Amino acid sequence: RGKITFNVRVPEALLNSTRNTRPAFIKIYIKDNKYKALYATWINLTQERQSITLRPTLAEPRGYTDREIDLKSICLIGIQVSLQEEPIKYRGPALYIESVVIEDDKAPVTTKLPLSLRKAEPAVTIPVTYEEFKANSGVNYAWSNYGRDFGKVKGWGHIGFSRNINKLRADFKGIKAAGMGVVRMFIFADTRGGIVFDENGMPIRFDRYVYKDFEAVLKVAKETGLRLCPFCLISGWLTAVIRR
């Protein structure tokens, strides 16, 4: 029971109409405290102001869903937008969230939200201004050279961000010019570089290049006014490394 609604404002350039052959699509998703996800299906954007809704239940047809998701431990609510082309190429007006409404008729979806969101029942409205949305929109930059952006890879040498700071600066300037405010980055990927291991295969320290590469990223982020989200210290592939 209960539902989550995002109210969005959509620029004409992204609407599904006879004048636009490349419309945008949107969907809501939720994740529990173990990052198991439940996604709604993609919705066509057809109106300047549009509401999209997700009911947190496994009973209704929907998009990708982790069947093990714990609907009593929801800790993240978000939306995904598909532009059907590289987002960096889009130069039109922004799509942004006007408000988020969480309706709770004794469903567990709100149990993990901050206390400040529980004051209004049975519905909670979270207003979001255009400036707030723009400042907190971001890009999944991930990597420039997979597993080699921070630190040296044994046998391959060092080509981290401190060696490629001009490319990093150009990329960050492009992200800023596109209206983004946050950059998410992978750090050590599958641990191929940047970490020194002992004879038993246990990590003991960072190599000296890691600090230089971090300093380069922090410097360019400060220059361009972007905030950083160093999301992935290590990837799921580390499991295979540990097993070996």
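Which hand does the crossing of α2 and α3 have, left-handed or right-handed?

1. The crossing of α2 and α3 is right-handed; a crossing is given that name if the near helix is turned clockwise from the far one by less than a right angle, and is left-handed if anticlockwise. The structure is a predicted model, in which local features need pLDDT of at least 70 and side-chain atom pairs count only at pLDDT 80 or more, while totals for chains, interfaces and linings use all residues. Residues are numbered from 1 along each chain as its sequence is written, and side-chain values use heavy atoms, with hydrogens and water left out.

2. The protein chain has four helices and 13 strands, taken as DSSP runs numbered from the N terminus (helices H or I, at least four residues; strands E, at least two). Of its 244 residues, 40% are buried, where buried means under 20% relative accessible area, exposed over 50% and partly exposed in between (1.4 Å probe, protein chains only). Among contacts (heavy atoms within 4.5 Å) between residues at least 6 apart in sequence, 73% join residues at least 24 apart.

3. Helix α2 covers residues 165–177 and helix α3 residues 208–224; their axes come within 10 Å and cross at roughly 35 degrees. The axes are lines fitted to C-alpha atoms over the stretch in contact, with angles from 0 to 180 degrees between N-to-C directions. On the α2 side the contact includes Ile165, Leu168 and Phe172, and on the α3 side Val217, Val220 and Ala221 are among the residues involved.

4. The structure holds two salt bridges, each a side-chain nitrogen of Lys or Arg within 4 Å of a carboxyl oxygen of Asp or Glu. One joins Arg169 and Glu223, with the closest N and O atoms 2.8 Å apart. Because Arg169 lies in helix α2 and Glu223 in helix α3, this pair ties together parts that are 54 residues apart in sequence. Arg169 counts as buried at 18% relative accessibility, and Glu223 as partly exposed at 43%.

5. Asp171 and Lys167 also form a salt bridge (2.9 Å, N to O). They are four residues apart in helix α2, which means a separation of about one helical turn. Asp171 is partly exposed at 24% relative accessibility, as is Lys167 at 42%.

6. Lys27 belongs to strand β2, residues 25–32. This residue is buried but has no salt bridge, and the nearest side chain of opposite charge, Asp66, is 12 Å away. Leaving aside residues up to four places away in sequence, Lys27 touches Tyr39, Ala40, Thr41, Trp42, Gly78, Ile79 and Gln80.

Key
Lys, Arg positive; Asp, Glu negative; His and termini not counted.
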